[in-house]
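Please look through the sequence and the structure shown here before reading on.

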Amino acid sequence: MAKVEVAQETAESQSAPQTDLVVGLPGLVDVARVRSVAEQWSVTGRRITIMHPCVPGMSEALEKLGGTGDVRLVAKEISAVATSSAPWLGQPPVYAALLAEAESLGVKACIILNPDLAAFTPAAVDALARPLLDGGCDLTMPLYEAGRFDGLLNQAILAPVTRSLYGKRVRYPLAQDFAVSAAFLPGLRQSISTAAAAQGLLWPATEAVVRDKKVCQVCLPVHHEYASSGMDLPTLLQLLVAPLFADIERHASLWQRVRGSHSITEAGGGEPAQVGNGTETSPDPRPMVEAFQLGQRNLQEVWSLVLPPVTLLELKKLSRQSLESFQMSDALWARIVYDFALAYRLRTLGRGHLLGAMAPLYLGWVGSRVLELQSTASATGRQEQLERAFEQNKPYLVQRWRWPDRFNP
Amino acid sequence: MWNQVGHTLSNSMTQAMGRFASLLPGILAFLLAVVLFSLIGWLLAWIVQRILISLRFDEKLGRGTDAVTEWSPRQTPARLAARLVFWVFVVLGIAVGVDAFGASANSTIASGLLAYLPKLIGAGIILLVGNIVGRFLSRGVLIGAVNMNLQYARLLSLGVKWLVLVLTAAMALDHLQIGQKIVDLAFGILFGGIVLSLALSVGLGSRDVIFRSIERETMRASGAPVAEEEEQLRHF
């Protein structure tokens with residue numbers, strides 16, 4: 001069994017022994033739990049430094065935990081960790097500090113894990129690190145276990161937009177568990193150290209595409225329970241989708257040149273297991289469809305500032321459909337997302353209002369998806385169709401992005 | 001007799017033209033001051049914008065400017081600061097011009113108009129700001145109410161808009177000192193009426209929502225399982 005050493009940040013940099021991997025936990029964690037897991041660490045032959053942030057002034061309290069061995073535990077003072085509005089979402093300044101520390105230690109790879117510690121196991125660390133150490137990858141992204149109705153925002157917007165814009169079929173672009181190779185560490189750290197990037201979220205796969213680095217995906221048998229259930233939908237959209245739109249604006253010169261998409265090397269083999277195997281009860285789509293219809297009745301004036309007349313007409317037709325035949329086409333949804341991304345860039349209306357106005361449309365999509373999946377056990381094939389629709393409609397976004405006033409079908 | 005009429009007319013015409021001619025230097029001074037200050041303002045605004053852009057002002061302010069961009073979505077903070085500089089100089093120009101006009105004009109009508117001009121400008125600004133605030137708040141309330149599944153979202157939004165507009169109009173009229181008592185009275189009645197009707201419609205319409213909310217809270221407090229549709233869905 002490996003022993004654990006806990007030391008203060010300043011002492012570390014002076015007498016740091018060689019480390020193969022840094023495992024970064026970018027949030028406030030239960031130190032006792034981290035230590036108990038780290039003590040049972042059984043990754044053979046690797047020297048690992050586990051690093052987690054702590055609020056300023058707390059390092060003294062952590063100092064008294066001590067020892068020596070293959071696995072070391074380092075608490076680093078990062079003030080940004082205390083100011084996070086959503087602690088379950090990693091903050092770029094915290095990532096940047098952890099990556100900088102890993103870089104200074106000269107590690108072979110840095111593994112970032114969600115501070116909820118669901119993936120804080122030797123098996124998960126090994127799965128994430130292996131493609132970097134053996135397969136020549138620069139970034140490993142996870143393929144999580146998920147049910148048909150899990151991660152809907154990821155299915156509806158984050159994954160399809162990332163795939164169509166940046167040409168990489170990353171299933172979870174906003175994953176909180178990923179691994180970065182030594183070669184990609186400086187680039188990723190630099191890209192999230194800018195003032196603009198620090199305000200948003202970290203999209204590791206996008207940064208890898210920007211820097212022409214190789215991305216891999218591995219199955220990670222992990223299920224995170226995010227503390228976002230008490231949050232209302234517009235706030236959630238503001239937290240997750242607004243940074244995506246800001247990122248689209250930041251990389252506009254890149255994605256306009258990308259054509260099509262490429263699959264990503266999937267290490268470890270096989271599709272991730274589906275939670276519930278399609279046996280979980282389907283939610284009632286009626287409230288979502290009704291929320292969409294309510295939006296259609298009341299938000300015409302706001303939507304008309306963002307969406308072109310053709311889309312408004314299609315939405316009107318959709319709102320008149322009965323619940324049984326309610327289905328939002330993939331192309332329509334793709335164009336809606338692209339139009340909102342454009343409106344975010346053009347500041348057509350206040351960004352808080354913009355994301356709020358998008359919520360009923362998103363609920364319409366969710367209702368449509370729930371109705372479709374009620375009789376299907378797996379959502380994988382359907383997701384592929386949706387992502388292809390986003391790719392096919394990319395020229396629409398490019399044209400509107402370049403000539404927002406001229407192109408208004 | 002016709003000669004006398006002609007003479008009187010000619011005299012009054014000469015006097016009127018003379019008075020108008022005496023105003024001309026003042027008007028010219030007013031225009032000159034406005035144009036000159038506008039030019040200086042434009043130049044300074046351009047310089048301020050350049051400096052702020054080179055200092056990456058927008059990026060550095062970051063999240064702190066969310067409120068600014070919400071109220072004025074099409075403007076970046078740097079451009080807003082530049083515009084502010086420009087308009088400060090325009091207003092300064094108008095003030096200097098008005099002062100120059102007042103110094104050169106000596107008629108009672110002109111001095112009366114001059115004394116009223118700042119109030120007119122003030123009322124105009126009140127109306128403009130009230131309109132912007134009303135539009136912003138009504139849109140925010142509409143979107144918020146739709147996302148809360150309130151069936152009367154549009155009514156609520158209209159109510160808020162008219163509340164702000166009525167308040168603005170009353171303030172503008174008060175500022176202009178027009179029909180003060182009637183305006184106060186009318187405003188009180190109208191404002192109270194809108195608030196009462198909104199309170200009634202929201203109160204009556206939300207009975208079910210409030211009932212469900214209280215029921216859910218009570219069940220949570222007693223530890224009973226709460227059946228929620230949303231819990232079967234995970235957005236993230």
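This is a predicted model: local features need pLDDT of at least 70, side-chain atom pairs count only at pLDDT 80 or more; totals for chains, interfaces and linings use all residues.

In chain B, Asn149(B) sits in the loop that lies between helix H5 (108–147) and helix H6 (153–176).

- Although Asn149(B) is not a glycine, its phi is positive, at about 60°.
- Most residues other than glycine have a negative phi.
- Asn149(B) counts as partly exposed, because 15 other C-beta atoms lie within 10 Å, a number that falls between the limit of 12 or fewer for exposed residues and that of 20 or more for buried ones.
- In chain A, Asp212(A) also has a positive phi, near 55°, and it too is a residue other than glycine.
- Asp212(A) is placed in the loop between helix H9 (204–210) and strand S8 (215–220) of chain A.
- Is Asp212(A) buried or exposed? With 8 other C-beta atoms within 10 Å, Asp212(A) is exposed.

**Chain A as a whole**

- Chain A contains 18 helices and 9 strands.
- Of the 409 residues in chain A, 50% are buried.
- When contacts in chain A with a separation of 6 or more are considered, 84% of them are between residues 24 or more positions apart.

**Two domains of chain A**

- Chain A is divided into domain 1, which covers 4–268, and domain 2, which covers 281–402.
- Where these domains touch, 24 residues come from domain 1 of chain A and 25 residues from domain 2 of chain A.
- On the side of domain 1 of chain A that touches domain 2 of chain A, helix H6 (152–166) and helix H10 (233–250) of chain A each supply at least two residues.
- The residues on that side of domain 1 of chain A comprise 15 nonpolar, 6 polar and 3 charged ones.

**A helix pair in chain A**

- Helix H15 (residues 330–346) and helix H16 (residues 351–373) of chain A have axes that come within 11 Å and cross at roughly 175°.
- Because angles over 145 degrees count as roughly antiparallel, H15(A) and H16(A) are therefore described as roughly antiparallel to each other.
- Which residues meet between these helices? From H15(A) come Trp333(A), Ile336(A), Phe340(A), Ala343(A) and Tyr344(A), and they meet Arg351(A), Leu354(A), Met358(A), Leu361(A) and Trp365(A) in H16(A).
- Sorted by class, the contact of H15(A) with H16(A) has 9 nonpolar residues, 1 charged residue and no polar residues.

Notes: Residues are numbered from 1 along each chain as its sequence is written. Chains are lettered from A and ligands numbered from 1 in the order in which they are written. Axes are lines fitted to C-alpha atoms, for helices over the stretch in contact, and angles run from 0 to 180 degrees between N-to-C directions. Helices (H or I, at least four residues) and strands (E, at least two) are DSSP runs, numbered from the N terminus. Angles under 35 degrees count as roughly parallel, over 145 as roughly antiparallel, 65 to 115 as roughly perpendicular and the rest as oblique. Two residues are in contact if their C-beta atoms, placed from the backbone, lie within 7 Å. Ala, Val, Leu, Ile, Met, Phe, Trp, Tyr, Cys and Pro count as nonpolar, Asp, Glu, Lys and Arg as charged, and the others, Gly among them, as polar. Domain bounds come from an automatic or database domain assignment.
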